[in-house]
Amino acid sequence: MPNLWDMAGTKKRTKRLAMKNKDASSPERKLQCSDVSKCFQLLERILDGELVEGGKEMLQEKLDKCQPCFAHFHLEQAIREVLKNKCTKQPLPDKLAESIRQMIQDAR
Amino acid sequence: MSEVHRRKYSQEERSVIFDGEFMPHIDSMYNFAFRLTFDEDDAKDLVQETYMKAFRFINSFEQGTNAKAWLFRILKNSFINDYRKKSKKPVTVDYQEVETFYNSDDVDYQSTSDLRAESVKDMLGDEISNALNDLAVDFRTVIILADLEGFTYEEMAKILDIPIGTLRSRLHRARNLLKDKLKGYAQSMGYGRDEEEN
């Protein structure tokens, strides 16, 4: 799907690249990921704090070089944040804690 | 249970553990119970029952280990044993839904690739809550444990009594299903459709 934000960025970068000739360490991100399935699962594990060894470097590499990975990472991050902020606030009914303490007292 | 002979806690120790290590988790416990049962009274009963069991079996809790995970495991087992049975809501997994996702590996990303972080951030809260509630209970549970409560994979595997590999793939499927539902909301909000982008 065409995305104006990306296209504008790509245009700018392309222009810059054209002027500078080819730059090996270009921040250009590829628009296709060669292995979304593997990459996305990896990104999710990193976000879950489960992958430690070499995870940081791998993540930086993906975010720098792959647009689908970049987008997926930020989407997953946003979902986690919204879930945590919006779905954990079920108000505790009045006196529930109190009645549990009472039940324990009685059971002793 | 380990073969180590469990000591018995004194009455005073029991009070210290109960008040100091169990009670602080009551908000998370209630939130979990409510998201499993969708009913305030059932959630209340479930939490009460869990705490009663926790007290009764307090000697099998090892002080200094993760009390929250231990409590969540009791709550989840109580839910399966009591509430799932009497619940009128169909709580079994929607197999068509599961099958679609189990049989597709790369395909599933295409369906959510046009959901963007920005549109998720703009959601008010009801959408995400509804999307979560819409998931079959097994998928809903892993999202709650992982994203709402921040349990590690290892802790979740123990809470649910499943191998870590199963946990990992269930969580991944759950996330894809959730994104799919969110995509529906995002579209109805006017995001993600070609003709509405300018």
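**Close-up views of chains A and B**

**View 1. The contact between chain B and chain A.** In this predicted model, 35 residues from chain B meet 30 residues from chain A, two residues being in contact if their C-beta atoms, placed from the backbone, lie within 7 Å. On chain B, two or more residues each come from α2 (26–37), α3 (40–56), α7 (117–121), α8 (126–134), α9 (137–148) and α11 (164–188). α3(B) gives the most, with 7 residues. Helices are DSSP runs (H or I, at least four residues), numbered from the N terminus. Local features need pLDDT of at least 70 and side-chain atom pairs count only at pLDDT 80 or more, while totals for chains, interfaces and linings use all residues. Residues are numbered from 1 along each chain as its sequence is written, and chains are lettered from A in the order in which they are written.

**View 2. The two domains of chain B.** Chain B is divided into domain 1 (11–86) and domain 2 (95–192), with bounds from an automatic or database domain assignment. In the contact between these domains, 10 residues of domain 1 face 10 residues of domain 2. On the domain 1 side, α2 and α4 (67–86) of chain B each supply at least two residues.

**View 3. Nonpolar cores.** The largest nonpolar core has 54 residues, and B:A33, B:V142 and B:I143 have the most contacts inside it. Such a core is a set of buried Ala, Val, Leu, Ile, Met, Phe, Trp, Tyr and Cys residues joined through C-beta atoms within 7 Å; buried means that 20 or more other C-beta atoms lie within 10 Å of the residue's own, placed from the backbone. Both domains of chain B give residues to this core, so it lies between them. Not counting residues up to four places away in sequence, B:I143 touches B:L132, B:L135, B:A174 and B:L178. Another core, of 7 residues, lies apart and includes A:C33, A:L43, A:C66 and A:F73.

How values were computed:
A residue is buried if 20 or more other C-beta atoms lie within 10 Å of its own, exposed if 12 or fewer, and partly exposed in between; C-beta atoms are placed from the backbone.
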